[in-house]
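I opened this model to look up its packing, one element at a time. My notes follow the chain display.

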Amino acid sequence: MELRTYKAATMHEALHLVRCELGPDAAILHTREVRSQRLFGLLRGARQIEVTASTDVHVPSRLQQEDRFRPAQPAPVAPPASPSPAVPERVQGQLQHLQEMVEQLCRQQQAAPGRDLPEELFRVFTDLIECDIDEDVARDLVERVRRDIPRRELVEPMLVTARIARLLEADIPIAGPIHAPAERQRIVALIGPTGVGKTTTIAKLAANFRLKDKRRVGLITVDTYRIAAVEQLRTYADIIDLPMHVVSTPREMREAIRRMDDLDLVLMDTAGRSPRDEVRIRELRAFLDEAGANEVHLVLSGVTGSRTLVQTAERFAAANPTALILTKLDEATSLGNVLPLLRSGGLPLSYLTNGQNVPDDIETAEAARLAGMILNL
């Protein structure tokens, strides 16, 4: 479709230009008032009328009404309404596509979570979202409460909250603490990505088993990538008076385990691995197999996003972890992000840590305790 644009001082003159060049059947598609610019755009010129016209669009011509724009006409007559130009087939397709998108959004809005919930449960649903609980998890919890609690009890917020807490407890698998019987040795390793607090957690566990449970404890570190990590663990070992060995090869691992044969519990600190580094994780698995670890605890930070937690656990599954430790809970503004990881049917929870103090700031994981923390109770 060919469009032509004309400018004149008045509407009458602009329409006259259209008639002279395009003929009386030309269709006026658009009119507007513009101002010309002078002196490189620094000054504004006189007002002009701009008219866009075409001969390809067949609509009643506005040129037939030209006389109505003459200022000398005694009785003012309103100009006719602008005719709607014919819509090309391509534009019609785009409009149809937009209409379908709007209808789809309307259907999604109608099916949005919470729209069909009683007011009491809708408030519970929004509270769960504010606790950083995933929307799908929150919807599932609310629907289970809706099925299990009589309608008359939904008006009691305490009853609904208590029911939600019990549902969360049932979704949190618990492994219990490390068992270190005096009659036989237990070898326990901590693995995980960098920066999650493995070394500090090892020190807390060692101090509690040595000072509170009176167990004979030894430390092994495979974290030779960071000199500071070795010195940090050695400092803890000196303070608690524990034997410690630094291992860098599988052969050294066998020798270190042999030297600690008379101890009740051997705690192994490992280097942080990137979840994406499959080679390093397989290398870590070789050290664990050589040590004959009885338990392997995957250490993850409670401030990590829910999707990253799940993906990290999946990547470290190659090292055969048996339990999960959540750290840095004191730094998390909310804990709803850990629910997808715990509900995935993977690792049971063994310990929670909530600070840097050794031997404090660590506790055996309990489902009721963590459910209350997630719900801010």
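These entries go from the whole chain to the sheet, the helix pairs and one glycine.

**Ground rules.** I worked on a predicted model, with local features taken at pLDDT of at least 70, side-chain atom pairs only at pLDDT 80 or more, and totals for chains, interfaces and linings over all residues. Numbering runs from 1 along each chain as its sequence is written, and side-chain values use heavy atoms, without hydrogens or water.

**Whole chain.** I counted 12 helices and 11 strands. Helices are DSSP runs of H or I with at least four residues, strands are E runs with at least two, and both are numbered from the N terminus. Of the 377 residues in the chain, 41% are buried. Buried means under 20% relative accessible area, with a 1.4 Å probe and protein chains only. I also looked at contacts (heavy atoms within 4.5 Å). Among those between residues at least 6 apart in sequence, 71% join residues at least 24 apart.

I traced an open sheet of eight strands, ordered 6-5-7-4-8-9-10-11, with mixed pairing. Two strands pair if DSSP finds at least two bridges between them. Which strands stand at the edges? Strand 6 (244-246) and strand 11 (362-364) do; each has a single partner strand, so one side of each lacks a neighbour in the sheet. On average, neighbouring strands are turned by 20° against each other, direction ignored.

**Strand 8.** I followed strand 8 (residues 295-301) next. Five bridges join strand 8 to strand 9 (residues 323-327), and the two run parallel. Strand 4 is joined to strand 8 by four bridges, also running parallel. Leu 298 stands opposite Leu 324 in strand 9. Ile 191 stands opposite Leu 298. How many residues of strand 8 are buried? I found seven of its seven. In a regular strand, side chains alternate between the two faces of the sheet.

**Helix 9 and helix 8.** I then checked the pair that includes helix 9 (residues 278-291). Helix 8 (residues 250-259) and helix 9 pack at about 30°, with axes 9 Å apart. Axes are lines fitted to C-alpha atoms, for helices over the stretch in contact, and angles run from 0 to 180 degrees between N-to-C directions. The two helices are therefore roughly parallel; the cut-off is under 35 degrees. Their contact uses Pro 250, Met 253, Arg 254 and Ile 257 of helix 8, with Phe 287, Glu 290 and Ala 291 of helix 9. I sorted these contact residues into five nonpolar, no polar and two charged. Nonpolar covers Ala, Val, Leu, Ile, Met, Phe, Trp, Tyr, Cys and Pro; charged covers Asp, Glu, Lys and Arg; the others, Gly among them, are polar.

**Helix 4 and helix 5.** The axes of helix 4 (residues 135-148) and helix 5 (residues 157-171) come within 10 Å and cross at roughly 120°. That makes helix 4 oblique to helix 5. The contact divides into six nonpolar, no polar and four charged residues.

**Helix 12.** In helix 12 (residues 367-374), I found Ala 367, Leu 370, Ala 371, Gly 372 and Ile 374 buried. Their cover includes helix 5, helix 11 (339-343) and strand 10 (349-353). Asn 376 follows helix 12 and has a positive phi, near 60°.

**Gly 302.** Last, I looked at the loop between strand 8 and helix 10 (306-315), where Gly 302 lies. Is Gly 302 buried or exposed? At 2% relative accessibility, Gly 302 counts as buried. Leaving out residues up to four places away in sequence, Gly 302 touches Thr 327, Leu 329, Ala 332, Leu 335 and Asn 337. Gly 302 and Thr 353 are 51 residues apart in sequence, yet 9.3 Å apart in space, C-alpha to C-alpha.

How values were computed:
Angles under 35 degrees count as roughly parallel, over 145 as roughly antiparallel, 65 to 115 as roughly perpendicular and the rest as oblique. Buried means under 20% relative accessible area, exposed over 50%, partly exposed in between (1.4 Å probe, protein chains only).
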